[in-house]
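Please keep the sequence and the structure in view while reading.

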Amino acid sequence: MANASMGPTSSAAWANDFDEWRTQARRLLHLGAPPASVTWHDGNASHDDLFSSREPPSMPPGSPPAPIRIGRDQLTLLRNVARYRVEGHDPPRWPLLYRVLWRWAQGDAAAMHPADVDGRVLHQRWHAVKREAHHMHAFLRFHRRDDGRGERYLAWFEPAHDVLDLGAEHFADRMGGSRWIIATPRGGVRWDGSALDYRTPCPKDWTDQARTAAEHANADEEHALWRTYFVSTFNPARLNHRVMTQHMPQRFWRHLSEGDLIPVMEAKARHGGQRLAQESSVGQRKGKALPGGRSALSRSSSGDDG
Amino acid sequence: MELIDKLSILADAAKYDASCASSGAPKRSSRGKAGLGSSNGMGICHSFTPDGRCVSLLKVLLTNFCLFDCQYCVNRRSSNVPRARFTPEEVVRLTLSFYRRNTISGLFLSSGIIRSSDYTMEQLIQVAKLLRETYQFRGYIHLKAIPEADPRLLEEAGRYADRLSANIELPTLTSLKTLAPEKELGTIHSAMGYMRQRIDAANDNAERDAKRLPRSANPKRMAPTYAPGGQSTQMIVGADATDDRTILQSAQHLYRDFRLKRVYYSAFSPIPERPAGLPQAAPPLLREHRLYQADFLIRGYGFQAEELLNAPGNLDLEIDPKLSWALAHRDDFPVDLNRAEPAMIARIPGIGLRSVQRLVDLRRLRRIRYQDLVALRCRLETLRPFVVTQDYRPADAQRDSTRLRQSLTQPQPAQMALW
Ligand code: SF4
């Protein structure tokens, strides 16, 4: 990280999460440190940047910084962009956010607009994060595994971005008094009916239980009902693989209790079942045409076997 | 009959209803409360079946016994299909069980007509009432409104349901007479009219409450809600010869007269033991797709049905309705993005509503350049002949529409595949 071209005014800053970044960024901004002069470090990796001091320099005494004004929408945008997990050659998050904030503070309001060279990246990331939170709301599956205290639900989920807390808030609203645990490859969260308990990394015990529950979905008998529903509500005459995978990427199928049915249903529809909308097993049952006409409406019994 | 067998029959019988939306409900939460379920206005698709359709709700019929003989319907009384009937408790059990496992966000319950319309409606209400009152279920509920039922029952249904729908099924009086002789357009309209009145009144009350009372005011004084997610309907496409213009005009009337939230279009799928006169062909999915696009232009972009189709006939299957309109109105183009009214920008093919808003925001900050359209991911090949920016004027602005159309359709034959 040592960079000979950096002058003595260069600084380094460390942040693990958005709030830490925000504190650092605020100080750097007040010091007037331009983005190019700051080296950002993400996470807890060890640092030995010889040209920077570990802590950003403190404020010059006697000059209270002018407050930087930033709208609530902008703050939400920046906070959510920080949830995006950067891969490969994508620009890392902290320098990007700081550059945008810097430009904003200079009066360049276009910096956060989706047509801007930086703003565009922000909005793409925000979109990806929102989408992943939505995926979690949609495709996470709970499996009932009661414990000593009674009814309890377990889920294993592999989010592509840092959206665990967004999901947890959603499920706390949704599940009311039911207790649950969500385990992910990074963190985990438990709801006891009244409070959320976050753990990073996810306790091994939670991970093991949640993964086992997901791998043995049929141990929860109600999943058989759901699978039956999934097959029956499908219209083979409208088979459309492309639209399905566009909305429900294949990476999620593995953990859906109905995921393994999809290829079978598609194959069946292609080999003949596609002529009718009716599910073939329903067609094989004994049918029953009913008597009566409009006048039957005034009679009290027909067509109703209870 | 086992519950699982009933489920397979009654889900199969319900899939012809295209709607599965769970959006538009007011904010509800079960955090720290007895009961189950939440809603926040946004719909959630919990899965997609291989037909590409969203699974958001448990969509079943209470029973597929039916006294009616609507020709297009798999459940008509003369159809030789397996029959079943759920008890209200069974539907409740399935709803709660699926909901806890996060496979659905609520229930969409419909039914064949048994005994009488009132009796059928009462049964549907019974399920919703059990869910809401006995189990304190706060997830989404969509109930089918039986048009012939007593208004008193429609009133009760709206107090439990987020959404109500009475299906119009066929776009004209004539097709209804031929294919569903026991249904009456007048009755369907008056049910829709009644529901509209109640929804409007509840909304007005809610607005008044919001002005008068502080947020934390005694909840008992809050106006009673009535189907807060509005009402919708469905039209079957391709069961008879009705053209798209008639269908869209009919939809436009429904939006205006009854303030429907949505009209759903359902491409007619071949059913077992098809009655004479109904098509055996594969469902016209592309036609259905074009109707949804046109419907969206009517609801969101300020188009009239008559603008999209100025003579009897069907929508162009080859190009989308907005592009089709633009090609027929070359005099209105190209549009200068730095000057035009937002409503006119929205009429440019290849620019969606979100981009319109972003362009309007952007031009307050600086002049719009062509590169901005790239950054906003607008459909460049489509919009190129129709826009002017600070640094761009289309070279093909003068080209005639037939040739332009050719150049716009040629490079993307793959897009013509099924939606
Ligand atoms: S009333 Fe008509 S459309 Fe409804 S279930 Fe009966 S036959 Fe089908």
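At what angle do helix 7 and helix 8 of chain B pack, and how far apart are their axes?

## Two helices of chain B

Helix 7 (residues 244-258) and helix 8 (residues 285-300) of chain B pack at an angle of about 40 degrees, and their axes are 11 Å apart. Helix 7 of chain B is therefore oblique to helix 8 of chain B. Axes are lines fitted to C-alpha atoms, for helices over the stretch in contact, and angles run from 0 to 180 degrees between N-to-C directions. Angles under 35 degrees count as roughly parallel, over 145 as roughly antiparallel, 65 to 115 as roughly perpendicular and the rest as oblique. Helices (H or I, at least four residues) and strands (E, at least two) are DSSP runs, numbered from the N terminus.

From helix 7 of chain B, D244(B), I247(B), L248(B), A251(B), Q252(B) and Y255(B) meet residues of helix 8 of chain B, namely R287(B), L291(B), A294(B), D295(B), I298(B) and R299(B). Contact here means heavy atoms within 4.5 Å.

## Basis and confidence of the model

This is a predicted model, in which local features need pLDDT of at least 70 and side-chain atom pairs count only at pLDDT 80 or more, while totals for chains, interfaces and linings use all residues. Residues are numbered from 1 along each chain as its sequence is written, chains are lettered from A and ligands numbered from 1 in the order in which they are written, and side-chain values use heavy atoms, with hydrogens and water left out.

Chain A averages a pLDDT (the predictor's confidence in each residue, from 0 to 100) of 85, and 84% of its residues score at least 70. Over residues 45-54 of chain A the pLDDT stays under 50, and the model has 19 contacts for them beyond four places in sequence. Residues 294-306 of chain A also have a pLDDT below 50, with 27 contacts beyond near neighbours in sequence. Where pLDDT is low, the predicted coordinates should not be read in detail.

Chain A has ten helices and seven strands. Of its 306 residues, 48% are buried (under 20% relative accessible area; exposed is over 50% and partly exposed in between, with a 1.4 Å probe and protein chains only).

A nonpolar core is a set of buried Ala, Val, Leu, Ile, Met, Phe, Trp, Tyr and Cys residues joined through side-chain atoms within 4.5 Å. The largest has 168 residues, and those with the most contacts inside it are W180(A), I182(A), Y265(B), I348(B), I351(B) and L373(B). Apart from it lies another core of 25 residues, including W21(A), A33(A), V38(A) and M112(A).

## Where the chains meet

Eight of the ten residues of helix 1 (residues 3-12) of chain B are buried, among them L3(B), L7(B) and L10(B). Their cover includes helix 7 (222-233) and helix 10 (280-283) of chain A, together with strand 3 (58-61) and helix 2 (88-100) of chain B.

Two of these covering elements, helix 7 of chain A and helix 2 of chain B, pack at an angle of about 100 degrees with axes 10 Å apart, and are therefore roughly perpendicular to each other. E222(A), L225(A), W226(A) and Y229(A) of helix 7 of chain A meet R93(B), L94(B), S97(B) and F98(B) of helix 2 of chain B.

H170(A), in helix 5 (residues 164-175) of chain A, is buried at a relative accessible area of 11%. Beyond its neighbours within four places in sequence, H170(A) is in contact with H137(A) and I44(B).

## Backbone features in loops

Most residues other than glycine have a negative phi, and most peptide bonds are trans. A cis peptide bond joins T200(A) and P201(A), with omega about -5 degrees; P201(A) is in the loop between strand 7 (196-199) and helix 6 (204-215) of chain A. Another cis bond joins F333(B) and P334(B), with omega about 0 degrees.

A227(B), which is not a glycine, has a positive phi of about 35 degrees, and is buried with a relative accessible area of 0%. R259(B), also not a glycine, has a positive phi of about 50 degrees and lies in the loop between helix 7 and strand 8 (262-267) of chain B.
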